[in-house]
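Here is a friendly tour of some side-chain contacts. Please have a look at the fold before reading on.

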Amino acid sequence: MKTTDQLIDDLLTLAFAEDIGDGDATTLSTIPAEAVGKQQLIVKEEGILAGVEIARKVFEKFDPSLKMTVFIEDGAHVRPGDIAFVVEGPVRSLLQTERTMLNIMQRMSGIATTTAKYQKQLEGTGARVLDTRKTTPGMRMLEKEAVKIGGGTNHRIGLFDMILIKDNHTDFAGGIPQAVAKAKEWCKANGRDLRIEQEVRDTDEIMQAIERGCQAHPQGGSGRRD
């Protein structure tokens, strides 16, 4: 299984391929190869900054000669006019990485800002904001990182790192006792030590899940799936 860094590297490879293709015709035709300069990321809206470290990966992957100076780190509350960082190096490289970097940071910062908003409303309750698997294909690791930056908590990353028995699994298995038993048997047979959560639909199912050592996971509204 690929690591988080490998998945991010794959994403950046795809991002460059779909945006730059076989070359940025505009930049290559108008900017001399020897031209150097710098660009700065200026914040335009108040919120939580996220994606600074991923931006660093964007620049390093495309052109290691680019030098990034960070003034504001991930997780900081920012306001319009704040300068998050400055990048210096070949102008061609700056122009070709700009859109990929901005797309990633804008999305991550939006997620972090929204997460922080809801987490703040939960202060003092002991409740946490959890994320789901309903992420943009290919961007899951970045979007889940943004949730953490915003003060939220990652639930499962995918189908491989936790067992979440939903209503359809329960019904096919014949009930909560049977579904949980099968999940535990599978883990034992395959040498896996996975947390098991049980989706529940009423108080009776909550008790069934607790009695079998599972964390009860309330079933969501129409169309809700982790």
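What follows covers aromatic contacts and then salt bridges.

Please keep in mind that this is a predicted model.

The structure contains 2 aromatic pairs. In one of them, the ring centres of Phe59 and Phe85 are 6.2 Å apart and the planes meet at 75 degrees, so this pair counts as edge-to-face. Because Phe59 belongs to helix 3 (residues 52-62) and Phe85 to strand 5 (residues 83-90), the pair ties together parts that are 26 residues apart in sequence. Both Phe59 and Phe85 are buried.

A ring also takes part in a contact with a charge: the charged end of Lys117 sits over the ring of Tyr118, 5.8 Å from the ring centre.

**Salt bridges**

Side chains of opposite charge can pair when their charged atoms come close. This structure holds 11 salt bridges, including the ones in this table:

| Residues | N to O distance |
|---|---|
| Asp5 and Lys57 | 3.8 Å |
| Asp9 and Lys61 | 3.0 Å |
| Glu197 and Arg195 | 3.2 Å |

The Asp5 pair links distant parts of the chain, with Asp5 in helix 1 (residues 4-20) and Lys57 in helix 3, 52 residues apart. Asp9 in helix 1 and Lys61 in helix 3 are likewise 52 residues apart.

How exposed are these partners? Lys57 is partly exposed, at 32% relative accessible area. Asp9 is partly exposed at 34%, and Lys61 is partly exposed at 32%. In the remaining table row, Glu197 is buried at 2% relative accessibility, whereas Arg195 is partly exposed at 43%.

Finally, a network of salt bridges links Asp171, Arg201 and Glu205.

Conventions:
Residues numbered from 1 in each chain as written. Predicted model: local features only at pLDDT ≥ 70, side-chain atom pairs only at ≥ 80, totals over all residues. Heavy atoms only, no water. Phe/Tyr/Trp six-rings, centres within 6.5 Å; stacked < 30°, edge-to-face > 60°. Helix = DSSP H or I, 4+ residues; strand = E, 2+ residues; numbered from the N terminus. Buried < 20%, exposed > 50% of the residue type's maximum accessible area, 1.4 Å probe, protein only. Lys NZ or Arg CZ within 6 Å of the ring centre and 35° of its normal. Salt bridge = Lys/Arg side-chain N within 4 Å of Asp/Glu carboxyl O.
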